[in-house]
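Please read the following notes with the sequence and the model open beside you.

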Amino acid sequence: MNSKSQSISEDSQDGKISSTRGASSLNIQSFTSRDLEFIVKFAEEHGSDIFRQILHSICPSIYGHELVKAGITLALFGGVQKHLMDQNKVPVRGDIHVIIVGDPGLGKSQLLQAAASVAPRGIYVCGNTTTNAGLTVAVVKDAMTGDYAFEAGAMVLADRGVCCIDEFDKMSAEHQVLLEAMEQQSVSVAKAGLVASLSARTSVLAAANPVGGHYNRAKTVNENLKMSAALLSRFDLVFILLDKPDELLDKRVSEHIMALHTGSEDRRNSTRESLCHISQSADEGNPRNGSLAAKLKLNRLDRDFVPLPGPLLRKFIAYARQFVFPRMSSAAAEVLQQFYLKLRNHSTGSDGTPITARQLESLVRLVEARARLELREEITKQDALDVIEIMKESLYDKFVDEHGCMDFARSGGMSQQKEAKRFLSALQKKSELQQNACFPISMK
C-alpha cells in the first residue's frame, strides 16, 4: 500500500475544481507527473481488485452495505455520454442517479457526504433547507445597474460532477423541478424576460427517510416517500435499508463502532481481524459466497487494509472520467439484453409494464462505469454479470412486498391493500347512486 501515501498535501490543493467555471466548458483536471505515476502504479498493483479497494475507501466508518457502496462508486465514475455533438440524434445521458431509502440511523447521510467529498466536483445540499431556485437557477436584480442576472443553483454548480441531496423526502414541492434536470441534463428558465437553458450534467445521489419514520413493506416505494412514479423512474438504482435485529450483524456493527471510538490502533487492528474472520466464517456456509456481495467484503487477507486517502481517490476518479471511454463488447451486450428481456417477460400486467427501455439504458450506464473503474477500454461479460447483480438487489428492494414475494405491479405507485380500498370505495359510491347493493357478475 505504499502508493497510497504519496503527496497527500500536494494532491489536496490540486484536486479541487472551481465551481464557477462555465457550464459549457469541459471539466479539465490538471494532473502532475506524480499523480499519473500513482494512478498507473495503483492500477497495476491491484488489477481486478480495484473495485473492492475503492469501495471500502468510501466512508470506511460505515460497516457493511457493500452493494449500496458499489452503486455509489459506479455513480461517481459514471457512464459515457453519447451523441453530444451530433445534432441529428438525441443526446443520451451518461450520469447515474441513485436513491437510498431506509430507516433512520443507518448512515445514509454519511455515505452522501463521503461521496461529495471524494468527487472531483461534488455539491452537498439538505432537502429541508433547499428551494426551487436553490436547486436550479435564481434570477436576481443588480442593485447598481438594475439589470437581471442568473445565479446558479446546486444542480448547475454540480455540472459534470455529483449533486448529493439529503432529506429528499422533505422537499416534495421541489420534486417537479428535478424531472428535466435528471433526464435532459439541463435546466430551462424563463423569468423576468430572460430565457435560457443551462447545463446540469450531474449525477444525483439522494437519501430519504420513509413517511412515519420506518419503511413499510406493505406499501410501495412511492407511498413510503410520497414521490411521483415519473421521478422515481429516473433513478437508475433504488436501495432500501431496513433496520432489522440480527445477532451476528449487530455484533459486527457494535465492534466496528467501538473500535472507531476507542482510538487505539491495536484495538482497531484486532477488531478488523476479528470482523474479517467472522465475515469469512459466515460466508463459507452461505450458498451466495460466489456472489458480488461476498467478493466485495474484506477477508482475513485484508487485516492490513488501509483506505485510499480522499485526495488520491479524487485524482483517480477524475482521471477515469476524463480519459477512459469504454466500448461495449458483443458478449456483454448479449448478457444485458437477455436480462432485460427476462424482466420484460416477468412484468407483463394489466396496469402497464414498469420495466421499460429506461432500465436497459441504466444497465448500459452501470456497465460502462464498471469498466471505467478499472481503466479498461472494453466492457467484459463479467462486468455485465456484476452490474446485473447490483440491479437485481435494487429491483428486489423496489418490488418485493411484505410477504417477501416479487410483485412488479407495485411500481405503479399503489399497493394491493390500497387498490382494494379504492375498489371498495368505488363500489360503495356506485351502490349509493343506483340505490342497489347487489351487482351482477358477467360470466364470459
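1. Thr73 has a relative accessible area of 0% and is therefore buried, where buried means under 20% relative accessible area, exposed over 50%, and partly exposed in between (1.4 Å probe, protein chains only). This is a predicted model, in which local features need pLDDT of at least 70 and side-chain atom pairs count only at pLDDT 80 or more, while totals for chains, interfaces and linings use all residues. Residues are numbered from 1 along each chain as its sequence is written, and side-chain values use heavy atoms, with hydrogens and water left out.

2. What surrounds Thr73, setting aside residues up to four places away in sequence? It touches Phe51, Ile54, Leu55, Ile58 and Leu373, a contact being heavy atoms within 4.5 Å. Thr73 belongs to helix α4 (residues 66–77); helices (H or I, at least four residues) and strands (E, at least two) are DSSP runs, numbered from the N terminus. A polar atom of the Thr73 side chain lies 2.7 Å from the backbone oxygen of Lys69.

3. A nonpolar core is a set of buried Ala, Val, Leu, Ile, Met, Phe, Trp, Tyr and Cys residues joined through side-chain atoms within 4.5 Å. The largest one has 68 residues, of which Ile54, Leu74, Leu76, Phe77, Leu205 and Ile390 touch the most other members. Leaving aside neighbours within four places in sequence, Ile390 is in contact with Leu67, Ala70, Leu74, Leu237, Phe239 and Leu292. A second, separate core has 32 residues, including Ala154, Leu178, Leu179 and Phe235.

4. Helix α2 (residues 33–46) has 14 residues, which at 1.5 Å a residue should span 20 Å, and its end C-alpha atoms are 20 Å apart, in agreement; the expected span is 1.5 Å times one less than the number of residues. Its buried residues are Asp35, Phe38, Ile39, Phe42, Ala43 and His46. They cover an arc of only 125° around the axis, which puts them on the same side of α2, the arc being that of the directions from the helix axis to the C-beta atoms. The face turned away from this buried side carries the exposed residues Ser33, Glu37 and Glu44. Just after α2, Gly47 takes a positive phi of about 60°.

5. Which side chain makes a polar contact with the side chain of Asp35? The partner is Lys315, at 3.3 Å; a polar contact is a pair of N or O atoms within 3.5 Å, where, within protein, one must be able to donate a hydrogen and the other to accept it, and residues adjacent in sequence count only if both atoms are side-chain atoms. Lys315 lies in helix α14 (residues 310–323) and, at 1% relative accessibility, counts as buried.

6. Helix α15 (residues 330–346) should span 24 Å with its 17 residues, and its end C-alpha atoms are 25 Å apart, which agrees. Ala332, Val335, Leu336, Phe339, Tyr340 and Leu343 are buried in α15. Seen down the axis, the buried residues of α15 fall within an arc of 125°, so they line one face of the helix. Ser330, Lys342 and Asn345 are exposed on the other side of α15.

7. In helix α11, the buried residues are Arg252, His256 and Ala259. They cover an arc of only 65° around the axis, which puts them on the same side of α11, while the face turned away from that side carries the exposed residues Glu247 and His261.

8. Two backbone angles deserve a look, because most residues other than glycine have a negative phi. Arg160, in the loop between α7 (154–157) and β5 (161–166), has a positive phi near 60° and is partly exposed, with a relative accessible area of 22%. Lys226, in the loop between α9 (221–225) and α10 (229–232), has a positive phi of about 55° and counts as exposed at 61% relative accessibility.

9. Finally, the whole protein chain has 18 helices and nine strands, and 47% of its 444 residues count as buried. Among contacts with a separation of 6 or more, residues 24 or more positions apart account for 72%.
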